[in-house]
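Keep the structure open beside you as you read.

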Amino acid sequence: MARDKRNIHFYLNGKRVSLLVDPLKRLLDVLRENFGLTGVKEGCGEGECGACSVLLDGKVVNSCIVPVGYVYGREVITIEGYKTTERYRAIEEAFARSGAVQCGFCTPGFVMATESLLRENPHPGEEAIREGISGNLCRCTGYVSIVNGIRMVAEQSSRLWEEKEEGEIVPVVSKASNRAEVLEDIPFGNTHYESHNYFFPETLREALEIRSRMGAIPVAGGTDLMVKYKKPAGLVPRAGDPVIFLNGVEELRGIKRVDGFIEIGATTELSEILKSEILPPFMREVIRGIAAPGVRNTATIGGNICNASPAGDTLPALYSLDAQVVLASVGARRALPIESFIAGPGKTVISDDELLVSIRFRNVDFDRYMYKKVGTRKANALSKVSFLGLIKFSSGVLKDGNSRGESFAGKEIEDIRIAFGAVGPVVVRSRELERRLLSLKDFAMIGEVITGYEALINPIDDQRSTAEYRREVAINLLKKFLGEMYYL
Ligand code: FES
Ligand code: FES
């Protein structure tokens, strides 16, 4: 049976470490305060600037929004550990030659992001490089010399990331020191921790039992939670008591085909989903538009759904796919449509004894799509408006007398789906208006459909945008989609 653990064990720069610490303490604070690793910087403290980047199992993550409990049993590398590697020396030299080291404050984060990028793709083009560092902000000078530095490393030293050892990419820090049995017990008194309980189940059954007995608050990647309960450096975020970390439960992870559905485990990270070959292409574009690599490496699809934010980035796609959420409690399981699961902004119908196990949908083969997320920056921005339009044509060309789904380019439309995010308390999708689009007789009727959507779009003013702006952008995106699709 899973139990609450007081000591968090993980591998840090090649050493096994163990410390008594509140599992919700930010990894950033643990690294700086408990281990004195001050190469990890704090900029924004909420996952937007990349100054706190470290490697977790070889992938870049933002340590300011990672609870230390999440790294239990895993491998963390900071710039101090990475400096001992040949790869670091190659990056250091290229950055120096290209003038990429400008202020120095953000440089460790850029180096971590570069390692993570080259590990995934040793030969990135400019677009991939910019995407790889999209979560790292340079506030002083600009990105050109940084991009040039990364290109230089890739051109001159890619062999360092290509080398394989028994089919694996070589580890970041050498294996010889990596698993050394060095145990640094660091007692760390934290009174808040003493009065809170944390659980680290390894099976779904254990997790459900803990949830049902104590109504424990589930935490997966913790990215949204750490921002929501953000505290000044050193203070521990509080998300409730007890807390249950779900990332060790293997049954909640992965993407597979089951009974005609594509099923995504609730704690599957967005970066894993992005790599999946079995997802529809528009779904990958949606995921690519969420945050930046450092956040996608820890944020989970289950978190995105359970937050039930009107701006939740995966939601328009999941509504469009008629997705179902699968919920489990001890001895029971139920599946319900996502629109029934989300009850309002920040609200779902999940019970105190249930966990979200997976999300599933049938893979409908759409011919065209248009996806647009409008935000203040390409990476790491909350949506002001998002729009997804999907369309499927029947095979063959329209015949005279066919009254269903006529487009004006002579193709018959078999299926059309339209969803908006961030323009109402929940995602806006109307099956009634989609049916009307399928039975259009003439172009004038499109105006009636647009009027129908205008009545459904009901955005709010907030710090990101005005309601008026959101409404106008949403309707313009709808018109663009309908215009392009019906005049193909
Ligand atoms: Fe800015 Fe962590 S401090 S992303
Ligand atoms: Fe650090 Fe620009 S190089 S902020």
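Two strands count as paired if DSSP finds at least two bridges between them. With that in hand, look at strand β13 (residues 261–265) and strand β18 (residues 355–361) in this predicted model: four bridges join them, and they run antiparallel. Within this pair, Glu263 stands opposite Arg360 in β18.

These two strands belong to an open sheet of five, ordered β12-β13-β18-β14-β15, with antiparallel pairing. At the edges are β12 (255–258) and β15 (332–337), each of which pairs on one side only. On average, neighbouring strands of the sheet are turned by 30° against each other, direction ignored. Helix α10 (residues 204–214) lies across β14 (324–329) and β18, and runs at about 75° to β14.

Helix α3 covers residues 86–98, 13 residues in total. From its first C-alpha to its last it reaches 19 Å, close to the 18 Å expected at 1.5 Å a residue. Which residues of α3 are buried? They are Ala90, Ile91, Ala94 and Phe95. These residues cover an arc of only 125° around the axis, so they sit on the same side of α3.

Glu86 counts as exposed because 11 other C-beta atoms lie within 10 Å, and the cut-off for exposed is 12 or fewer. Glu86 and Ser157 are 71 residues apart in sequence, yet 9.9 Å apart in space, C-alpha to C-alpha. Just after α3, Gly99 takes a positive phi of about 75°.

## Two helices side by side

Helix α18 (residues 431–438) packs with helix α19 (residues 444–456) at an angle of about 170°, and their axes are 10 Å apart. That angle makes α18 roughly antiparallel to α19. On the α18 side, the contact is made by Leu433, Arg436 and Leu437, and on the α19 side by Val449, Gly452 and Tyr453.

## Around Phe420

Phe420 is found in strand β21 (residues 411–421). Is Phe420 buried or exposed? Phe420 is buried, because 29 other C-beta atoms lie within 10 Å and 20 or more are enough for that label.

Leaving out residues up to four places away in sequence, Phe420 touches Pro316, Val385, Ser386, Phe387, Val427, Val428, Ile457 and Ala474. Phe420 and Tyr453 are 33 residues apart in sequence and 9.9 Å apart in space, C-alpha to C-alpha.

Most residues other than glycine have a negative phi, and most peptide bonds are trans. Asn13, in the loop between β1 (7–12) and β2 (15–20), has a positive phi of about 50° although it is not a glycine. Asn13 counts as buried, with 24 C-beta neighbours inside 10 Å. Asp57, in the loop between β3 (53–56) and β4 (59–62), also has a positive phi of about 50° without being a glycine. Asp57 is partly exposed, with 14 other C-beta atoms within 10 Å.

A cis peptide bond joins Asp241 and Pro242, with omega about -5°. Pro242 lies in the loop between α11 (223–228) and β11 (243–245).

Key: Residues numbered from 1 in each chain as written. Chains lettered and ligands numbered in written order. Predicted model: local features only at pLDDT ≥ 70, side-chain atom pairs only at ≥ 80, totals over all residues. Axes fitted to C-alpha atoms, helices over the stretch in contact; angles between N-to-C directions. Contact = placed C-beta atoms within 7 Å. Expected span 1.5 Å × (residues − 1). Arc of directions from axis to C-beta. Parallel < 35°, antiparallel > 145°, perpendicular 65-115°, else oblique.
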